[in-house]
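Hi,

Here is the structure I promised to pass on to you. Have a look at it first, and then read on for what turned up.

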Amino acid sequence: MEYCLNTDYLQEIADNCLDKLHHLKSDSKENNRITDDLKIKISSFKKYGTNSLFSALGSGSIVELRGKSLKFDSTDNYQGIFLLKEGGSEYRVSVYITNRPSRQIFQIPENIDSGRYKLELRTLHRGNKALRRAKLKELLNIVLK
């Protein structure tokens, strides 16, 4: 009997477990009145220049992401904003207009396929060896221009 493992599914399970572990750790720290300043958080997402939140985005659209500890090294291929397609392909955003701790303005890649995507920001804070991730809870619907 032959078995086939879906690595994307296993990665999703691992990410969910890590997210739950970080949540439990932050809950215990809050009870001890210790805050985790390095935890990254996405608080809002919108198409730049509008109040539109999750309507269909065209490839090449300019969008804005707000939150906490969002800054990353855009020259490091492991860090940045990534769009993860439901089918498994991954696109790394390459055009950043603003890369600040509380605000990211970037362009949806022009060569991206139409479909539904998860947005994930990956950053490596000074003094840490592990990438920190923040995911947008809602799926993005991207269409070709």
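Predicted model: local features only at pLDDT ≥ 70, side-chain atom pairs only at ≥ 80, totals over all residues.

Salt bridges

Glu 86 has a partner: its side chain meets that of Arg 116 in a salt bridge, at 3.8 Å from N to O. This pair links distant parts of the chain, with Arg 116 in strand E8 and Glu 86 in the loop between E4 and E5, 30 residues apart. Arg 116 is partly exposed, as its relative accessible area is 41%.

There is also a network, in which salt bridges with shared partners join Glu 90, Glu 120, Arg 122, Arg 133 and Lys 135. Searching the whole structure gives eight salt bridges.

Two of the salt bridges involve Glu 64. One is with Lys 46, at 4.0 Å from N to O. Glu 64 itself counts as buried, with 5% relative accessibility. Its two partners count as partly exposed: Lys 46 at 26% and Arg 66 at 35%.

Glu 120 is 78 residues from Ile 42 in sequence, yet their C-alpha atoms are 9.4 Å apart in space.

Aromatic pairs

You will find two aromatic pairs in the structure. In one, the ring centres of Phe 72 and Tyr 96 are 5.0 Å apart and the planes are at 70°, so the pair is edge-to-face. Phe 72 lies in the loop between strand E3 (62-68) and strand E4 (80-85), while Tyr 96 is in strand E6 (residues 96-99), so the pair ties together parts 24 residues apart in sequence. Both Phe 72 and Tyr 96 are buried.

The other pair is Tyr 91 with Tyr 117: their ring centres are 5.9 Å apart and their planes at 70°, so this pair is edge-to-face too. Here again distant parts of the chain are linked, with Tyr 91 in strand E5 (residues 90-92) and Tyr 117 in strand E8 (residues 115-123), 26 residues apart. Tyr 91 and Tyr 117 are both buried.

Surface patches

Lys 39, Lys 41, Lys 68 and Lys 137 form a positive surface patch. Among them, Lys 41 is found in strand E1 (residues 41-47) and counts as exposed, at 52% relative accessibility.

A nonpolar surface patch of about 290 Å² is made by Tyr 78, Leu 124 and Leu 131. Leu 131 lies in the loop between E8 and strand E9 (132-135), and is partly exposed with a relative accessible area of 32%.

A backbone detail

Finally, take a look at Ser 69, in the loop between E3 and E4. Ser 69 is not a glycine, but has a positive phi of about 55°. This serine counts as buried, because its relative accessibility is 14%, under the 20% cut-off.

Enjoy exploring it!

Best wishes

Definitions and conventions. Residues numbered from 1 in each chain as written. Heavy atoms only, no water. Patch = residues over 30% accessible without salt bridge, like charges linked within 9 Å, V, L, I, M, F, W, Y side chains within 5 Å. Areas by Shrake-Rupley, 256 points an atom, 1.4 Å probe, with all protein chains shown as cover. Lys, Arg positive; Asp, Glu negative; His and termini not counted. Charge placed at Lys NZ, Arg CZ, Asp CG, Glu CD. Helix = DSSP H or I, 4+ residues; strand = E, 2+ residues; numbered from the N terminus. Buried < 20%, exposed > 50% of the residue type's maximum accessible area, 1.4 Å probe, protein only. Phe/Tyr/Trp six-rings, centres within 6.5 Å; stacked < 30°, edge-to-face > 60°.
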